[in-house]
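Keep the view open as you read.

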Amino acid sequence: MTSDQPVSPDLPEPTPGGTPLEPGGPPMDPAKPDKPAAPVEQPKFTRAAALWSALIMGFLVLIVLLIFIAQNTMSAEFAFLGWHWSLPLGVAILGAAVAGGLLTVAAGTARIYQLRRAAKKTLKAARRS
């Protein structure tokens, strides 16, 4: 018989000083209580994640619009400033929505341009003083 301790693959190897080893870490000191583990940080919401989310939402909206257009194929008569034409109802409503979106983008672009000009003037005035 030998005085060697049995070795198990599940347990860490004993150390010469008798201090047990923490699996995958430094030796534990029996005099000090264990510190609580540091909280794991959640991944940050990045611009790439926002872009990915926006793309997914855009494709879902596109699918809904395609279904809407496919189900509203009945032709409708339109007149505007003397022009007369006929379009499928779904296409006409989609065209109106796109035109409204472009109008909103134009107004937003003009406002952003105004704010940038005002910010540049303020920055120049602050640098002079």
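Patches are made of residues with over 30% relative accessible area and no salt bridge; like charges are joined within 9 Å, and nonpolar side chains (Val, Leu, Ile, Met, Phe, Trp, Tyr) within 5 Å. A salt bridge is a side-chain nitrogen of Lys or Arg within 4 Å of a carboxyl oxygen of Asp or Glu. Accessible areas come from the Shrake-Rupley method with a 1.4 Å probe, and for residues only the protein chains shown count as cover.

This is a predicted model, in which local features need pLDDT of at least 70, side-chain atom pairs count only at pLDDT 80 or more, and totals for chains, interfaces and linings use all residues. Residues are numbered from 1 along each chain as its sequence is written, and side-chain values use heavy atoms, with hydrogens and water left out.

Start with the surface. A nonpolar patch covers about 1100 Å². Its members are Leu51, Trp52, Leu55, Ile56, Met57, Phe59, Leu60, Leu62, Ile63, Leu66 and Ile67. Leu60 sits in helix 1, residues 47-71. Helices (H or I, at least four residues) and strands (E, at least two) are DSSP runs, numbered from the N terminus. Leu60 has a relative accessible area of 47%, so it is partly exposed. That class lies between buried (under 20%) and exposed (over 50%), with a 1.4 Å probe and protein chains only.

Now the strands. Strand 1 (residues 75-80) and strand 2 (residues 83-88) run antiparallel, joined by six bridges. Two strands pair if DSSP finds at least two bridges between them. Ser75 stands opposite Pro88 in strand 2. Phe78 has Trp85 as its bridge partner.

Leu81 counts as exposed because its relative accessibility is 72%.

What does a search of the whole structure find in the way of aromatic pairs? It finds one. The ring centres of Phe78 and Trp85 are 6.3 Å apart and the planes are at 25°, so the pair is stacked. Rings of Phe, Tyr and Trp (its six-membered ring) pair if their centres lie within 6.5 Å; planes under 30 degrees apart count as stacked, over 60 as edge-to-face and the rest as tilted. Phe78 is partly exposed at 26%. Trp85 is partly exposed at 32%.

Last, confidence. The chain averages a pLDDT (the predictor's confidence in each residue, from 0 to 100) of 79, and 71% of the residues score at least 70.
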